[in-house]
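Visitor: I have not seen this structure before. Please show it to me, and then I will ask about it piece by piece.

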Amino acid sequence: MHDLELISNTLCPYTQRVAIQLAEKGLEARRSYIDLAAKPDWFVQLSPQGKVPVLRVGDTAVFETSVICEYIEETAADRTPLWPTQALDRARHRAWAEFASAVIADVFGFYMAPDAASFERKRTELAARFARLEGPLTTGAGPYFGGARFGLVDAAFAPVFRLLDSLDRLGDFGLLQGLPATVAYRQQLAQRPSVRAAVVPDYGQVFLRYLAGRGSHMAGLAATALEHSAQA
C-alpha cells in the first residue's frame, strides 16, 4: 500500500475503528492529531465536511469512516480479511457496524444531555440500544460477534465500550444491566491488543477533561472526578 497517514483528533471513536483495522492487518500509518475547534487550513482542504478521520494515501485523502475501512479492506485483502466470506454474512456484519456507529451518537447524546430529565431519557434510550445487541451475541458462538474470528464489526463496537469505560469512572448508570452476553463481549474486546493500542495512552483523562468543559448534566461529575484524580 501507499504511504499512509491517519488524521484525527485525540478522542474520535470512529478513528479508533480505522486504527484497529490497520493494526489487525499489520499495516503502519502515521498518526496526526488536530484541534477540531481550530481546524488548520490544510485539513479543511482534505476533508470537505471538516470531519475526522481522514486517511491520507500518498497525496490523496480518503474520508468517511466506512469508506476508509472499505478501502483498506479492498487494498489489503490478502492481510487477515475482516469481513465474512459469504455475502449475506458480510451484509449482516456491515449492518451491525452501522448500528455501532448509531450507538456512538447515542452515547454522545447521553453525556451531553443538558439536565437531569433529558439525561435520564437518554440513559433509558441508550440502555435499550444495548439490549438490542444482546440478542445476536447470545445466539452467536462468540467470543466475537461472528464467532471465533475478530472482524470489522468488532472494530466498530470496541470504541463504544471504550466510551463506557470512561463513563464508568463517573458512576454506575446501569447501561448493561441484565445483559451478560454484552458484558462478556465488552470484556473480550478490551483485551484485544489492537483495541488497547487504538488511542493515546492518557485517553481516559483527555476524555474527562473534554467532558468537564461541555456544560452538560454529566460535566459536573467529570469535573469532580478530575479533582479527585489530581488530589490522589
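Visitor: Is Thr80 buried, exposed or partly exposed?

Guide: This is a predicted model, in which local features need pLDDT of at least 70, side-chain atom pairs count only at pLDDT 80 or more, and totals for chains, interfaces and linings use all residues. Residues are numbered from 1 along each chain as its sequence is written, and side-chain values use heavy atoms, with hydrogens and water left out. Buried means under 20% relative accessible area, exposed over 50%, and partly exposed in between, with a 1.4 Å probe and protein chains only. Thr80 has 41% relative accessibility, so Thr80 is partly exposed.

Visitor: Where is Thr80, and what is its phi?

Guide: Thr80 lies in the loop between α3 and α4 (87-111); helices (H or I, at least four residues) and strands (E, at least two) are DSSP runs, numbered from the N terminus. Thr80 is not a glycine, yet its phi is positive, at about 45°.

Visitor: What is the phi of Glu64?

Guide: Glu64 sits in the loop between β4 (60-63) and α3 (65-75). Its relative accessible area is 29%, so Glu64 is partly exposed. Glu64 is not a glycine either, and its phi is positive, about 80°.

Visitor: How much space lies in the largest cavity?

Guide: A cavity is a set of points on a 1 Å grid over the protein atoms alone where a 1.4 Å probe fits but cannot get out, and lining residues have an atom within 4 Å of a point. Grid points are joined across faces, edges and corners, and a volume is the space filled by probe spheres set on the points. The search of the whole structure finds 1 cavity of 30 Å³ or more. The space in the largest cavity is about 60 Å³.

Visitor: Which elements give two or more residues to the lining of the largest cavity?

Guide: The lining includes Thr15, Gln16, Arg31 and Tyr33. The elements are α1 (13-24) and β2 (30-33).

Visitor: How are α5 and α7 set relative to each other?

Guide: The axes, lines fitted to C-alpha atoms over the stretch in contact, come within 8 Å and cross at roughly 85°, with angles running from 0 to 180 degrees between N-to-C directions. Angles under 35 degrees count as roughly parallel, over 145 as roughly antiparallel, 65 to 115 as roughly perpendicular and the rest as oblique. So α5 and α7 are roughly perpendicular.

Terms used. On a 1 Å grid over the protein atoms alone, a cavity is a set of points where a 1.4 Å probe fits but cannot get out, and a pocket is an open set with protein on both sides within 12 Å along at least five of seven lines; lining residues have an atom within 4 Å of a point.
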